Amino acid sequence: MPKSPDQKLKILYLIKLFTEETDEQHTVTMSEIIDYLASKGISAERKSIYRDLDALDVMGYEIINRREAPSGYYLASRDFELAELKLLVDAVQSSKFITEKKSMLLIKKIEKLTSHHEGRKLQVQVYVANRVKTDNESILYSIDYIHEAIAANHKIEFQYGEWTVERKLVPRNGGAVYTVDPIMLMWDDENYYLVAYDKKSDIIKHFRVDKMLSVNVSSDKRSMNVIMNNFDPAAYAREHFGMFSGEEKTVSVRFPNKLIGVVIDRFGKNVSIKPAGGKDGDFFTARLKVKVSDQFFGWIAGLRGRAVIEGPDEVRDDYVRFIEDIRSTLEPAASQADKQ
């Protein structure tokens, strides 16, 4: 009996069957395997299928024939467990820098890493619509260019956008082109940032990737220097609250002991602390190396008086002005309410 022209595709169809249709709770019998191949125009006997399954095992496809219910053959090992795929879906759908359209496309691709049956379980947790998402469809290409520049040790060029009241992202500084030495990409507060060395200013800066426009890899090599070589990503993330810049200072702040978890979560276990006395010795002082900014003051204020800046004096004074400025914006509204 002459073989079908599709006979050479038999083992590929077997891979497709086991990867798409089987898992620990969904198996196929030998009869179902034969019927499936027949539907593809391929005739097969049990002995030849056993040989194919042995070949797949050699190639790393662990196909098990289970005797207990649900009995049958299924693919037992995959590159990703279902829990890992759920984690990837969560990361994609919660990422503000990925557009809603691209999020849905990525999640569809993630579903293909497991069986159809388990893929439907991933759909249960998909809530992309109405989340805060960027409109910059080119962001994934921008990320690719940044990685390419770092790998090739080249500078990167781009325009940097800002929002208008019309809710349009337009290039700032008249469309000026920024040229920097990319160091790394950093994730902070659901946003993606490029951390780079600006040779003109001789400082490390960061840029929101979703606001970077017309990204290109420069033909110029990066100027690797002492600043870049000594860059500490963890310290940089700790010191920049919400990735806003300010003057770097070491600030002493007193906290009640019950807030030690808050401090460690923000600054790590190696943060410098010492007992600060108080009633029952329930306070400690932490020496925090931070970029002093409104965002840092906002974090302190958010602790509602339970955190007290002890020094330096100029930082205490700036914090007092920060609070007074906020209060002054509320007083006119309060006075107007009293008149009514």
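**Exercise 1. A salt-bridge network**

Work out which residues are linked with E248 in a network of salt bridges.

*Solution.* Start with the term: a salt bridge is a side-chain nitrogen of Lys or Arg within 4 Å of a carboxyl oxygen of Asp or Glu. The network links E248, K289 and K291. Before going further, note that this is a predicted model, where local features need pLDDT of at least 70 and side-chain atom pairs count only at pLDDT 80 or more, while totals for chains, interfaces and linings use all residues. Residues are numbered from 1 along each chain as its sequence is written, and side-chain values use heavy atoms, with hydrogens and water left out.

Step 1: take the pair K289 and E248, whose closest N and O atoms are 3.5 Å apart. K289 belongs to strand β11 (residues 283–292) and E248 to strand β9 (residues 247–256), so this bridge ties together parts that are 41 residues apart in sequence. Helices (H or I, at least four residues) and strands (E, at least two) are DSSP runs, numbered from the N terminus.

Step 2: take the pair E248 and K291, where the closest N and O atoms are 3.6 Å apart. Here too the partners sit in β9 and β11, so the pair ties together parts that are 43 residues apart in sequence.

Step 3: check the exposure. Buried means under 20% relative accessible area, exposed over 50%, and partly exposed in between (1.4 Å probe, protein chains only). K291 is buried at 16%, K289 is partly exposed at 44%, and E248 is partly exposed at 37%.

**Exercise 2. From a strand to a helix**

Find which residue meets the side chain of K249 in a salt bridge, and how far apart N and O are.

*Solution.* Step 1: the partner is E314, with 3.6 Å from N to O.

Step 1: K249 lies in strand β9 and E314 in helix α12 (residues 313–339), so the two tie together parts that are 65 residues apart in sequence.

Step 2: K249 counts as buried, at 18% relative accessibility, whereas E314 is partly exposed at 40%.

**Exercise 3. Two helices side by side**

Describe how α5 and α6 pack: at what angle, and how far apart are their axes?

*Solution.* Step 1: helix α5 (residues 100–111) and helix α6 (residues 116–123) pack at about 145°, with axes 9 Å apart. Axes are lines fitted to C-alpha atoms, for helices over the stretch in contact, and angles run from 0 to 180 degrees between N-to-C directions.

Step 1: K108, I110 and E111 of α5 and G119, L122 and Q123 of α6 make the contact, which means heavy atoms within 4.5 Å.

Step 2: sorted by class, the contact has 2 nonpolar, 2 polar and 2 charged residues. In this sorting, Ala, Val, Leu, Ile, Met, Phe, Trp, Tyr, Cys and Pro count as nonpolar, Asp, Glu, Lys and Arg as charged, and the others, Gly among them, as polar.

**Exercise 4. Neighbours of S272**

Decide which residues S272 touches, leaving out those up to four places away in sequence.

*Solution.* Step 1: locate S272 in strand β10 (residues 272–275).

Step 1: its contacts are T285, A286 and R287.

Step 2: look also at L288, which is 16 residues from S272 along the chain, with 7.4 Å between the C-alpha atoms.

Step 3: S272 counts as partly exposed, at 41% relative accessibility.
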